[in-house]
Amino acid sequence: VKLKNLKPKIKKAKPFHIAIDLLSGIMVGFFLGMYLDKALGTQPLFILIFSIIGVIASMKNLYREVSDG
Amino acid sequence: MASNPLSQFEIKKLVDIEIAGLDFSFTNSNLFMLIGGSFALLLMYLAIRKEKMVPSRGQVLAESLFGVIDSMVAQNIGPGGKKYFPMIFSLFLFILSCNLLGMIPYSFTVTSHISVTLALAMVVFLLMTIVGFINHGFNFLSLFLPKGTPLWLAPLMIVIELFAYLARPVSLSLRLAANMIAGHVLLKALVSFVVIMSIFLKPFPIVLIVVLIGFEIFVAILQAYIFAILSCVYLNDAVNLH
């Protein structure tokens, strides 16, 4: 799907849904990282890595929801 | 009078119950969940009790609710989804009656608590994981690797897809809870405007409140529908692997 075709579909999707989709991936990454850090004692390492992966995952979820139409 | 807009979401213990050091108290949240669930059951029972060729008003309501969810399941899951219809329908009815119950003054909105909505979303999440493994065995894990991924990218893609999969119940529950909280806090804030403002300005927030209550009822129905349709979409991945 080209970016030009995607724009009207993003407009049609609810802005609130986009916000929640972006938030949920980051939350999953952050909390998983926090628990793993507590268990292993490597304080900031997994929070950082998993949060970044969470951002990518939430972008992917958002893209899937928007591109399905 | 409580002026804090968040005080309406406070959980109060109605009956103190403690078993083996754990808190099993009967709270106002439990009470309204019980009322919501029994209201949905009672509505369905009373509407279908006397089936007629020319339906009464209650029967029309029950049949059209049934029809909406039935066509939703058929469209989103396909012929293999017929056996998941009872679960989707009862989830929809429970959330709908809890949302609408929250619109009555002095009542408690159960679905504004993430603990409740996350429990409902986890039911859907666990069901779709179990159904996926039962239907497809270990082929279900191919959900985490999109087709045509280069081999050197595969480890990263698997992790990203796993996170996207885990984010589903979180986004499902956050969406419902955040919508309900936002609406109720907005209404409470506008009501406090009425108290604070001078007498000449009082009518404006009142008109806005009337409009917003109508909008909130619409949101309550819409969110129950969205919860049901997203459960269908997620179950579709588990039933028809692609």
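Does A:S58 count as buried or exposed, and at what relative accessibility?

1. **A serine in chain A.** This is a predicted model. In it, A:S58 has 1% relative accessibility, so A:S58 counts as buried. The cut-off for buried is under 20%. A:S58 belongs to helix α3 of chain A, which covers residues 45-68. Set aside the residues up to four places away in sequence. A:S58 then touches A:D21, A:L22 and A:G25.

2. **Chain B in outline.** Now turn to chain B. Chain B has four strands and six helices. Read from the N terminus, the order of elements is β-β-β-β-α-α-α-α-α-α. The C-alpha trace of chain B spans about 70 × 55 × 50 Å along its principal axes. Chain B has 242 residues, and 42% of them count as buried. Take the contacts in chain B between residues at least 6 apart in sequence. Of these, 68% join residues at least 24 apart.

3. **The largest core.** In soluble globular proteins, nonpolar side chains tend to be buried together. Here, the largest nonpolar core has 49 residues. B:I69 and B:F227 have the most contacts inside this core. Six helices of chain B each supply at least two of the core's residues: α1 (28-49), α2 (57-76), α3 (85-101), α4 (114-136), α5 (154-196) and α6 (203-239).

4. **Around B:I69.** Which residues is B:I69 in contact with, leaving aside its neighbours within four places in sequence? The partners are B:F85, B:I88, B:F89, B:F92 and B:A228.

5. **Two packed helices.** Look next at α2(B) and α6(B). Their axes lie 9 Å apart, and the packing angle is about 30°. The two helices are therefore roughly parallel, because angles under 35 degrees count as such. The crossing of α2(B) and α6(B) is right-handed.

6. **Who meets whom.** On the α2(B) side, the contact uses B:V68, B:I69, B:M72, B:V73 and B:N76. On the α6(B) side, B:Y225, B:A228, B:I229, B:C232, B:V233 and B:N236 take part. How many residues of each class does the contact of α2(B) with α6(B) have? Nine are nonpolar, two are polar, and none is charged. B:I69 links this point to the core: B:I69 is in the α2(B) part of the contact, and B:I69 is also one of the two residues with the most contacts inside the largest nonpolar core.

Methods
Residues are numbered from 1 along each chain as its sequence is written. Chains are lettered from A and ligands numbered from 1 in the order in which they are written. This is a predicted model: local features need pLDDT of at least 70, side-chain atom pairs count only at pLDDT 80 or more; totals for chains, interfaces and linings use all residues. Side-chain values use heavy atoms; hydrogens and water are left out. A nonpolar core is a set of buried Ala, Val, Leu, Ile, Met, Phe, Trp, Tyr and Cys residues joined through side-chain atoms within 4.5 Å. Buried means under 20% relative accessible area, exposed over 50%, partly exposed in between (1.4 Å probe, protein chains only). Contact means heavy atoms within 4.5 Å. Axes are lines fitted to C-alpha atoms, for helices over the stretch in contact, and angles run from 0 to 180 degrees between N-to-C directions. Angles under 35 degrees count as roughly parallel, over 145 as roughly antiparallel, 65 to 115 as roughly perpendicular and the rest as oblique. A crossing is left-handed if the near helix is turned anticlockwise from the far one by less than a right angle, and right-handed if clockwise. Ala, Val, Leu, Ile, Met, Phe, Trp, Tyr, Cys and Pro count as nonpolar, Asp, Glu, Lys and Arg as charged, and the others, Gly among them, as polar.
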